Amino acid sequence: MSAYLLILSEREAVAWVLRESRMAFPPTNRSEVNRLKPGDELFILTTRGCWHNPTRDRTRVIGLATVASEVVPYDRPIGIAGREFTRGCEIRVHALAPYLTGVELVPLVPRLAAFPDKRPGAWSIRLRRPLLEIGEPDAALLREELAAVTISPDVAIPGYLAAIRPVGKAAGARG
């Protein structure tokens, strides 16, 4: 099995993923999306801009999930926060940090092989995609760090869904 950072950069996408227990992918052909298989491990990551307050918020790993189905094309694109997504897969969330908490990524970058360029700010370019494959040493470190801050998804998800509001008229999920 492989492990990936599942990168979410919009709060409405976080709400959709947690509510639906699915991940949706844009129409671009990404090799890492094509390689996803049931059983692969997903470290749910929210970017600094995800919550619309980048001066306050940090890039954080907020949860742990596994891929629960093959990635399949949708009959009709799904709209989330004004973007269209054409394929996706089911996921199972196993652990989730409470809303606006999690494991801050920046202090871990020097220890993560997934970010070979350790210059300040240079590592973040690797987060401009839906998935970033990581090796087992990185996954082990993230598992250990998450264990200290996560709770049951059944307890955490209602807090996310209550706090996340759509942005603008065109936002929200439709399917």
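Good morning. I begin with strand S3 (41-46), which is mostly covered, with six of its six residues buried; buried here means under 20% relative accessible area, exposed over 50%, and partly exposed in between, with a 1.4 Å probe and protein chains only. Strands (E, at least two residues) and helices (H or I, at least four) are DSSP runs, numbered from the N terminus.

A word on the source. This is a predicted model, in which local features need pLDDT of at least 70, side-chain atom pairs count only at pLDDT 80 or more, and totals for chains, interfaces and linings use all residues. Residues are numbered from 1 along each chain as its sequence is written, and side-chain values use heavy atoms, leaving out hydrogens and water.

Both faces of S3 are covered: Glu41, Phe43 and Leu45 are buried on one side, and Leu42, Ile44 and Thr46 on the other. Two strands are said to pair if DSSP finds at least two bridges between them. S3 pairs with S1 in the parallel sense over six bridges, and with S4 in the antiparallel sense, also over six bridges. Glu41 is the bridge partner of Ala3 and stands opposite Thr66 in S4.

I turn to the interior. A nonpolar core is a set of buried Ala, Val, Leu, Ile, Met, Phe, Trp, Tyr and Cys residues joined through side-chain atoms within 4.5 Å. The largest such core has 34 residues, of which Val14, Leu42 and Tyr160 touch the most other members. Helix H1 gives the largest share of this core, six residues. Apart from it lies another core of 22 residues, among them Leu127 and Leu141.

Which residues form one aromatic cluster? They are Trp51, Tyr99 and Tyr160. Rings of Phe, Tyr and Trp (its six-membered ring) pair if their centres lie within 6.5 Å; planes under 30 degrees apart count as stacked, over 60 as edge-to-face and the rest as tilted. By this rule there are four aromatic pairs. Trp51 and Tyr99 are edge-to-face, because their ring centres are 5.3 Å apart and their planes stand at 80 degrees. Trp51 lies in the loop between S3 and S4 and Tyr99 in the loop between S6 and S7, so this pair ties together parts 48 residues apart in sequence. Tyr99 and Tyr160 also form an edge-to-face pair, at 5.5 Å centre to centre and 85 degrees between the planes. Since Tyr160 lies in helix H4, that pair ties together parts 61 residues apart in sequence.

Finally, Trp51 is buried at 7% relative accessible area, Tyr99 is partly exposed at 28%, and Tyr160 is buried at 0%. Thank you.
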